[in-house]
Amino acid sequence: MAGGNITDDDELAFHVGIELREISMSDNDDLEEPSKTMKTSITPFVLAFSNLSYSLNTCTEMTFSSIFYRKDTKKMPKSSKEKILLNDISGEAREGEILAILGPSGSGKSTLIDALANRISNESLKGCVTMNGEFLESGLLKVISAYVMQDDLLFPMLTVEETLMFSAEFRLPRSISKSKKMARVQDVMDELGLLRAANTLIGDEGLRGISGGERRRVSIGVDIIHDPIVLFLDEPTSGLDSSCAFMVVKVLQRIARSGRIVIMSIHQPSSRVVGLFDQMIFLSQGETVYYGSPNHLSLFLSDFGHPVPENEDITEFMLDLYRGLEGIPGGTKSIVEFNKLRQKLAENQQFNSDYSNMLGVSIKQPIIVRGKLIDSNFMHTAQTSSISKFANPFWVEIIILVKRSLTNSKRMPKVFLLQLGAVAFVGCIFASVYWQLDKSQVGIKERIGLFAMIVTTIWFGSIEVLAVFLQERYIFMRETAYNSYRHSSYVLYHSILVIASLFIYSILLASLTFSPIGLGGGFPGFFFYFLAIFASFWTANSFVSLVSGLVSLVVVGYIVVLTTVAAFLQFSGFFIPRDRIASFWIWLHYISAMKYPYQAILLNEFDIPNMCVVEGIAPDKSCLVTGSDIVRKHDAADLSKWSCLWITLAMGVFYRILLYIALLFGCKNKRK
């Protein structure tokens, strides 16, 4: 259904399709079983975790006297309290199965998912996570796993097929042909039930696109495009109705049955959804109150002395039971201890399973053996060298990023046209207000005021980058968390796109103001004037982008940018000459990114040999004010105009380097 919206009838059709497929699979068990056996016999994986513990220090009380206590003093007042998020949690997730982590809000579900996905620093997390008995290194885990966040972070103006195709280009090696990548995309869409929505836009709040359930499946598809062994999902059914939630988990069951480990957290599933789980972990305040099969939960509750009433949903009864116990001091201790005792009794049977017998099988070789999408060249590379963190070289990543951004942007031409219109409007305002300034004392003063106004307007106009960059940054964090592309590739791609658009804005603003205002210098003067405006745009955009990489809230970003721009403007040399600035503030004059473009434009206009700006009265007509006089009066003779231009451009590059560092160390998606 190209370009159309997906209706409720389509959701119903997908639901019916799943049911028919189930019937078909059950009728052909004899045909399906050999392939399943063959896949399992190659490498049945098991992800085991034991004694996972994680805690945080929360600030409770800090007295003035406590600041002066030495750390080794026993009488030192406590300034923090330890909050336990995970407490001695063990279990295993097996290939072909879904392990569901359940519990109320604050029980530790997302924390456990993060612990298993190596999103908690090794210094803070205690315990061990292994795959087939082998310790999982961070780099290797990123290669063999995928993490689906709770929020659907997707580009709204891309179609479902385009979204998955760009993901394939990021996550699959360049050696794989485009036709094979497209075939993989088609397979994923078929697996997720998205073929009918392939050509439909993702959409957002302002543009109707695919449904909520389909958005969630697209998010899953983006992360399984490279055929990972382990799939982590943080509440994939959040915000969905019961029907969509069931369909999403049904898709996850098919993904697991195809030979993957699926680990997901979920808040309060329906009985139909629970029926799709193979193993469940119920958490309460960071502790395990039940671990095992959904089929054994009723027996567990009966043995615990709380049999499930007739016609009562078992899962809801379990959640209500220990939520009630949580309100009593030490209330959950009994059920936690009962679960531990039960686990000890079943430990031998559980850990001597067929899966556990495969412990010791190296997990690096199966990455190659099971690589259905990997061609012979890539297999040879993987066998002869260490597994690469990234599927493509950085220049390929830049090309893909630019292509994706242009594809998304060309469907939103209003944004670019509005920005272009804003620049044109400002240019026309300047041209009409300062039309053909004369060469008088007043005209000189107005010219200089205009130069400062142009630079200031450029900086304040660049603040809009904040909202756009911060919105895209969350997609960047998700994609770089599992090595879709490098941080450096993202910064370079962003710079390339910015330079192209800023070039257009600069030539437009320069053309609308240079001749109408009556600026001198001919074509060389106009060319340098354009370069100075472009350099100011570039530096302003780079600085605002840097702030966007440092903060996480738009409001905070606005405060930082506005405060900094005000300081830059105050010490730029326009309001207060350099020789009038106090010595303890002079450093602000030299780091002001508005000083140099303002000074460059001023020098371009007045720093001309033998230039007479104001002539005397006839008949003598001696020169009263020269260009050099104006330059000296405004204390702008310390640098040449070209030096000011290069410094401005270099500042923009410096801010971009700082942006790269900020993104590299500040967007790790990892808890302390």
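1. pLDDT is the predictor's confidence in each residue, on a scale from 0 to 100. The structure is a predicted model, in which local features need pLDDT of at least 70 and side-chain atom pairs count only at pLDDT 80 or more, while totals for chains, interfaces and linings use all residues. Residues are numbered from 1 along each chain as its sequence is written, and side-chain values use heavy atoms, with hydrogens and water left out.

2. The chain has a mean pLDDT of 80, and 82% of its residues reach 70 or more. Over residues 371–386 the pLDDT is below 50, and this stretch has 18 contacts in the model beyond near neighbours in sequence; a contact means heavy atoms within 4.5 Å. Residues 351–357 also stay under 50, with twelve contacts beyond four places in sequence.

3. Strands (E, at least two residues) and helices (H or I, at least four) are DSSP runs, numbered from the N terminus. Strand β3 covers residues 98–102, and five of its five residues are buried, so the strand is largely enclosed by the rest of the structure. Buried means under 20% relative accessible area, exposed over 50%, and partly exposed in between, with a 1.4 Å probe and protein chains only.

4. In a regular strand the side chains alternate between the two faces of the sheet. In β3, Ile98, Ala100 and Leu102 point one way, Leu99 and Ile101 point the other way, and all are buried.

5. Two strands pair if DSSP finds at least two bridges between them. Strand β3 runs parallel to β8 (residues 261–266), to which five bridges join it; Ile101 has Ser265 as its bridge partner in β8. Four bridges join β3 to β9 (residues 279–284), also parallel, and Leu102 stands opposite Phe282 in β9.

6. Helix α8 (residues 242–257) has 16 residues and reaches 22 Å from its first C-alpha to its last, close to the 22 Å expected at 1.5 Å a residue. That expected span is 1.5 Å times one less than the number of residues. Of the 16 residues of α8, 13 are buried, so the helix is largely enclosed by the rest of the structure. Just after α8, Gly259 takes a positive phi of about 115°.

7. An unreviewed UniProt entry places the feature "transmembrane region" at several spans, including residues 490–510 and 517–540; such annotations may be inferred rather than shown by experiment. Residues 490–510 are 100% helix and 0% strand, with end C-alpha atoms 30 Å apart. Residues 517–540 are 83% helix and 0% strand, with end C-alpha atoms 24 Å apart.
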